[in-house]
Amino acid sequence: MPVRWWGCCSMHSRQEAVWGKEAHHKIKNSIVAVLGLGGLGTVATELLVRAGVEKLIIIDRDVVEESNLSRQILYAAADIGRSKAMAAKERLNTINPGAIIAAEAIHFDAGNCTTLETAEIVLDCTDNLQTRLVLNDYCRKNNKKWIYGAAIKTVGYVMPIFPEGPCVRCFLKEVQLETCEMVGVLNTVTSSIAALQVQIALELLVGKNVPSYLYQYDVDAKSFQTLTVRRNLECPACAGTFEYLIPKAESKVIAFCSSGRYEVWGRMKNLHRIKEQWAGIDHVQDDGTTMRFKNILLFADGRALIKANSEEEALSAYSRWIGN
Ligand SMILES: [Zn+2]
């Protein structure tokens with residue numbers, strides 16, 4: 001006897017039962033950007049694609065490391081060392097091969113924030129205050145909606161930011177904050193926070209009215225709080241001064257990343273020419289946006305992640321193998 005399936009079996013039937021077909025159509029035709037593809041961004045992009053978003057802009061400057069695998073759900077052990085943007089795009093396209101995903105392996109800053117131009121909504125999944133403040137200024141200036149998200153240890157925060165409401169500079173101060181590398185974070189909190197960001201994004205896409213509250217969730221205390229943030233009269237961004245959109249002169253070595261890696265900046269590179277030179281010396285791995293050679297991972301925007309014991313060693317490897 002043939003098996004009889006009850007009900008509708010399309011991929012999005014359960015979601016359509018809640019929101020209706022028309023809402024699904026809106027979700028499918030929207031463009032959403034996700035800035036940062038770590039604990040929040042990998043969960044958020046997967047949920048967005050499974051919810052039917054077919055046009056995504058995904059941005060991350062980093063490569064996959066072993067310590068990411070406990071919570072960054074798009075990556076597997078085989079992706080260690082690969083650019084997060086490319087590994088995430090590949091995985092998302094296995095979920096929906098029809099999704100159009102613009103993967104950007106760039107260090108998001110004042111010089112390239114127009115990457116977000118076509119996005120209707122941006123999800124902030126960064127782990128970095130500087131980047132978040134650039135995003136805040138860019139979205140405020142361009143009247144773009146975005147959803148702030150942050151998670152550390154057992155606590156996370158979400159807040160939709162609208163052009164007419166308070167922004168993150170109204171309540172966040174530029175101070176040295178704890179980072180997940182220093183104090184850790186649980187995968188249950190990053191997943192919960194990303195899920196709430198996606199819920200709010202989908203509500204906005206289907207045209208629901210969403211209030212601009214700051215939500216705080218502590219997985220350890222099992223407490224969920226809804227907080228009201230007011231516009232700060234002294235907030236420069238709300239007054240139309242966008243300090244973080246002024247390109248800064250970058251120092252050559254900008255950061256010491258985890259696992260003995262230095263991030264070194266240089267001018268935009270012709271990857272093809274460098275590949276030809278490297279190929280005569282040693283094996284080169286090329287995934288289209290990054291090239292790996294010896295202890296160097298080079299991005300097309302001129303940045304390199306270099307494993308080294310000191311700044312000097314990283315700088316010398318940069319000028320020796322990449323050029324100034
Ligand atoms: Zn503000």
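Author: The protein contains nine helices and 14 strands, where helices (H or I, at least four residues) and strands (E, at least two) are DSSP runs numbered from the N terminus. This is a predicted model, in which local features need a pLDDT of at least 70, side-chain atom pairs count only at pLDDT 80 or more, and totals for chains, interfaces and linings use all residues. Residues are numbered from 1 along each chain as its sequence is written.

The average pLDDT (the predictor's confidence in each residue, from 0 to 100) is 89, and 90% of the residues score at least 70. Over residues 3-8, pLDDT stays under 50, and the model has one contact beyond four places in sequence for this stretch; a contact requires C-beta atoms, placed from the backbone, to lie within 7 Å. Where pLDDT is low, the predicted coordinates should not be read in detail.

Of the 324 residues, 38% are buried. A residue is buried if 20 or more other C-beta atoms lie within 10 Å of its own, exposed if 12 or fewer, and partly exposed in between, with C-beta atoms placed from the backbone. Among contacts between residues at least 6 apart in sequence, 68% join residues at least 24 apart.

Two packed helices are described by the angle between their axes and the distance between the axes. Axes are lines fitted to C-alpha atoms, for helices over the stretch in contact, and angles run from 0 to 180 degrees between N-to-C directions.

With helix α7 (residues 187-205), the axis of α3 comes within 8 Å and crosses at roughly 45°. The two helices are therefore oblique to each other; angles under 35 degrees count as roughly parallel, over 145 as roughly antiparallel, 65 to 115 as roughly perpendicular, and the rest as oblique. The crossing of α3 and α7 is right-handed, a crossing being left-handed if the near helix is turned anticlockwise from the far one by less than a right angle and right-handed if clockwise. On the α3 side, Gly39, Leu40, Val43, Ala44, Leu47 and Leu48 take part, meeting Asn187, Thr190, Ser191, Ile193, Ala194, Ala195, Gln197 and Val198 of α7. This contact comprises nine nonpolar, five polar and no charged residues; Ala, Val, Leu, Ile, Met, Phe, Trp, Tyr, Cys and Pro count as nonpolar, Asp, Glu, Lys and Arg as charged, and the others, Gly among them, as polar.

By class, the contact of α3 with α4 has four nonpolar, two polar and two charged residues.

Lys222, in the loop between β7 (214-218) and β8 (223-227), has a positive phi near 55° although not a glycine, and is exposed, with 7 other C-beta atoms within 10 Å. Lys294, in the loop between β12 (290-293) and β13 (296-299), has a positive phi of about 50° and is partly exposed, with 14 such atoms within 10 Å. Ser310 lies in the loop between β14 (304-307) and α9 (311-321); Ser310 and Arg261 are 49 residues apart in sequence and 9.2 Å apart in space, C-alpha to C-alpha.

Conventions:
Contact = placed C-beta atoms within 7 Å.
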